[in-house]
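Please read them with the coordinates open beside you.

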Amino acid sequence: MSEFPGRPRVTKGALLVFGSVVPVPVQMIVFPLNPDSMARRFDLGQAAGAKPPAGAGESQTPATTPVETLTVSLALDAADRLEHPDANPITVVSGLLPVISAIEQLVHPSTVLAKLTKLQAEIGLAVITPQGLNWTVLVWGAGRVLPVKVAGLSVTEQAFDARLNPISARAELQLATLSQDELRAAPVFISALADVHAVAREVFSAVNTAQSAAQAPSVLPL
């Protein structure tokens, strides 16, 4: 079934996963349906209500960057693909398992890479080091391309096919921005994305100030 020709093209949100200093994603999760809402919370930590030590002026209290937490609820449904089984054989065989597994992999280190590293160490080709998670980037339109880490994940499977593969599910992701220490340890392109996001926020804020200034005569009692 073809789509209505006048239907507007919708930009899809996505999560990109990078495994090294090379800016090429090793994993890409495109949101099947963009969430209807996104909850954002800012934890100011010591920046909120922090008091300078005795004898110190307020100007000596360093400003800290708040940690932003985003809660995104993704609706996953295989119904549309199952209506066209010939064009979607993977969905017919495994339902939503591929996309659910990709989302779950965001919080798991790679078992394959860990075993490969261990094998290389046993034959003297590598040194075992603690394996960390990959670098994750949230893409939410051109104005929000933000490095994040997964702070929480819950998956609710709501319907199943005859093979007990999930065909309807909801995944709730809690994403947190990276701390300054984490950004210093990140590849250059990851920290650069965080800087670009911060600059974009300041630019949009300045645009709002200019728009508000134009309305000042109708607001200020002058």
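1. A cavity, as used in this note, is a set of points on a 1 Å grid over the protein atoms alone where a 1.4 Å probe fits but cannot get out, and a lining residue has an atom within 4 Å of a point. A pocket is an open set of points with protein on both sides within 12 Å along at least five of seven lines. Grid points are joined across faces, edges and corners, and a volume is the space filled by probe spheres set on the points.

2. The model is predicted, with local features requiring pLDDT of at least 70 and side-chain atom pairs counting only at pLDDT 80 or more, whereas totals for chains, interfaces and linings use all residues. Residues are numbered from 1 along each chain as its sequence is written, and side-chain values use heavy atoms, with hydrogens and water left out.

3. The protein chain contains six helices and seven strands, where helices (H or I, at least four residues) and strands (E, at least two) are DSSP runs numbered from the N terminus. Read from the N terminus, the elements follow the order β-β-β-β-α-α-α-α-β-β-β-α-α.

4. Of the 222 residues of the protein chain, 25% count as buried, buried being under 20% relative accessible area, exposed over 50% and partly exposed in between (1.4 Å probe, protein chains only). The accessible surface of the protein chain is about 15200 Å², and carbon and sulfur atoms account for 59% of that surface; areas come from the Shrake-Rupley method with a 1.4 Å probe, and for residues only the protein chains shown count as cover. Taking contact to mean heavy atoms within 4.5 Å, 64% of the contacts in the protein chain between residues at least 6 apart in sequence join residues at least 24 apart.

5. Which residues are buried in helix 3? In helix 3 (residues 97-104), they are Ile100, Ala102 and Ile103. Because they cover an arc of only 160° around the axis, they lie on the same side of helix 3, the arc being that of the directions from the helix axis to the C-beta atoms. Their cover includes strand 2 (27-30), strand 4 (67-77), strand 6 (145-160) and strand 7 (166-177).

6. The count of cavities of 30 Å³ or more comes to one, and the largest cavity has a volume of about 40 Å³. Arg40, Glu68, Leu70, Leu138, Arg144, Leu146 and His197 line the largest cavity. This lining divides into three nonpolar, one polar and three charged residues, with Ala, Val, Leu, Ile, Met, Phe, Trp, Tyr, Cys and Pro counted as nonpolar, Asp, Glu, Lys and Arg as charged, and the others, Gly among them, as polar.

7. Leu146, one of the residues lining the largest cavity, lies in strand 6 and counts as buried because its relative accessibility is 8%. Leaving aside neighbours within four places in sequence, Leu146 is in contact with Glu68, Thr136, Val137, Leu138, Thr177 and His197.

8. Two or more lining residues each come from strand 3 (38-43), strand 4, strand 6, helix 5 (180-185) and helix 6 (188-219), and helix 6 gives the largest share, six residues. By class, the lining of the second largest pocket has nine nonpolar, six polar and four charged residues.

9. Not counting residues up to four places away in sequence, Ile190 touches Phe18, Trp135, Val137, Pro147, Leu178 and Leu183. Ile190 and Thr136, 54 residues apart in sequence, are 8.9 Å apart C-alpha to C-alpha.

10. Two loop residues remain. Leu164, in the loop between strand 6 and strand 7, has a positive phi of about 65° although it is not a glycine, and at 65% relative accessibility Leu164 counts as exposed. Most residues other than glycine have a negative phi. Pro32, in the loop between strand 2 and strand 3, is partly exposed at 35% and touches Lys12, Ala75 and Leu76, residues up to four places away in sequence not being counted.
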